[in-house]
Amino acid sequence: MARFDSVQSIHHARHLLYDKSIVYCRDRPVGTFAALPQPRRDRPDAPPDPDLNYNEVFIRDNVPVMIYFLLDGRADLLRDFLDTCLDLQSTDPQTEGIFPSSFYVEPNSQTLVADYGQRAIGRVSSVDASLWWPILAHVYVQRTGDWSWSQQPKVQEGIQRFLRLILHPWFRHAPTLYVPDGAFMIDRPLDVWGAPLEIQTLLYGALLSSVVLIHSDLKEKVIGSTAGSTVLTDPFIRQQIWQLRYATALARRLRRYLLQHYWINGKTIQILRRRPTDQYGERVSNEYNIRTETIPHWLQTWLGDQGGYLIGNIRTGRPDFRFFSLGNCLGAIFDVLTFSQQRALFQLVLNNQADLFGEMPLRICHPPLDASDWRNKTGYDSKNRPWCYHNGGHWPCLLWYFVVAVLRHQQTSTTPYYRFGHLHESLWDCLQDAYQVLLKRLPEQKWPEYFDGPTGVWLGQEARLYQTWTFTGLLLVHHFLNKPADATVLDMPGLRSILSIEAQYQDLRWD
């Protein structure tokens, strides 16, 4: 593929981000628009009409934005965003602990108005928004060393509210977080209810992050404290210790569960096909009563000899074998997957490059729901027609996650074959070609939200233009390919280090 000059595209993207996207409330930056307001077609001179909620600040959409600000030397913007979201964390009894899906500035009063699902299409709260906040908070303090920020009482209180929401008893024993359809980036009906992969990988990262953030405060109060055991009479500290222990145990169980039930390759499918059904008791080989007929035929060629990936969902008798790009990328970035499993994932992506990259990387999920499945499982949602929007559409904002996953894998490799400069040639070419596609097509087509069609060549039928995470995604791909060492920015503490933190509080007792 012919190489495209990056200077003009990158300069344009930076201009849009810094000069057009940032939202202010009382002269304080609080985040960025989901998409830049566009002039009305019928009256170009009139003020832009509010276009659904794309003129609001979404926590989910601001994740790549805040990562880029941090890498670009503007950690203050990330800190302001974290503080703003914390101020908006719900304290209502029905929604206590959740962070808003989005918020906007009320023009007359210059106050922030948050949406916890009460205004959203379908009235579903964005669970991923709440899970991203502790991850971003951990990224901030880890990168800047500003641990005094995480030790503030308001931050620790916010973490406690979040964990009370996440760690409460459920009507099920599995360590996964159960959510309704449309509770994350896929925010319209797409048969993703239950324990979708993206939510589980985010939950894993949020639990690890929360443990580190709590420990940053507790080690000043408890570990080596001259007050000794007297500090454990403080109910707030006792709650911190209990949550730290529980979050550690849940993270450990969750990773084991994901590797047991979500990870598949040619070998695991062979085993699954031969398991008996209708078993009862504690020790069974087919816990979710999955029958052979639910295993799609396309898996055989999709997996190949060396490929593997995390499936989209595990439900009683109804596993979702679709490939979801973001959940798998996060599974690699957060080290849910082992090193060899990450390699199998990259091999699978290479083998299915035509499906996942096409003319505009990266397809959000594959294959799409079609025919009666589309009608029944999406409720005839016209936006989610086959090969459209979230039902197999192509989202350029996703490529940077894959770039980070690949670069992290390369940097931790002890095999010369995977060292930088000697990375698998096909994989490296794949990243470079995808980058060139973004450089050329995104500015030409005014930075659209998504692309449609079996190859992603068509502009999304209802795609908003000048989408913030589209041009920010290009900036991140450009940054990471030129500064691969920064791919560690989303690194989570390993389970071993989390367990060693938890061990420091094992001997503490209180009456």
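Two strands pair if DSSP finds at least two bridges between them. Helices (H or I, at least four residues) and strands (E, at least two) are DSSP runs, numbered from the N terminus.

## Model and overall fold

This is a predicted model: local features need pLDDT of at least 70, side-chain atom pairs count only at pLDDT 80 or more, and totals for chains, interfaces and linings use all residues. Residues are numbered from 1 along each chain as its sequence is written, and side-chain values use heavy atoms, with hydrogens and water left out.

The protein chain holds 18 helices and 11 strands. Its radius of gyration is 23 Å, close to the 24 Å that the globule rule gives for 511 residues, so the chain is as compact as a globular protein of that length. The radius is taken over C-alpha atoms, and the rule is 2.2 Å times the number of residues to the power 0.38. The C-alpha trace spans about 65 × 65 × 50 Å along its principal axes.

## A three-stranded sheet

Strands β3, β4 and β5 form an open sheet in the order β3-β4-β5, with antiparallel pairing. The edges are β3 (57-58) and β5 (111-115), each pairing on one side only. Strand β4 covers residues 102-106, runs antiparallel to β3 and is joined to β3 by 2 bridges. Phe-58 stands opposite Ser-102 in β4.

## Helices α15 and α16

Helix α15 (residues 399-412) packs on helix α16 (residues 425-444) at about 155 degrees, with the axes 11 Å apart. Axes are lines fitted to C-alpha atoms, for helices over the stretch in contact, and angles run from 0 to 180 degrees between N-to-C directions. The two helices are therefore roughly antiparallel (under 35 degrees counts as roughly parallel, over 145 as roughly antiparallel, 65 to 115 as roughly perpendicular, the rest as oblique).

Contact means heavy atoms within 4.5 Å. From α15 come Leu-399, Phe-402, Val-403, Val-406 and Leu-407; α16 supplies Leu-427, Trp-428, Leu-431, Ala-434, Tyr-435 and Leu-438. The count is 11 nonpolar, no polar and no charged. Nonpolar covers Ala, Val, Leu, Ile, Met, Phe, Trp, Tyr, Cys and Pro; charged covers Asp, Glu, Lys and Arg; the others, Gly among them, are polar.

## Helices α7 and α18

Helix α7 (residues 197-221) and helix α18 (residues 495-503) cross at roughly 40 degrees, their axes coming within 11 Å. They are therefore oblique to each other. Tyr-204, Leu-208, Val-211, Val-212 and His-215 of α7 meet Leu-495, Ile-498 and Ile-501 of α18. This contact divides into 7 nonpolar, 1 polar and no charged residues.
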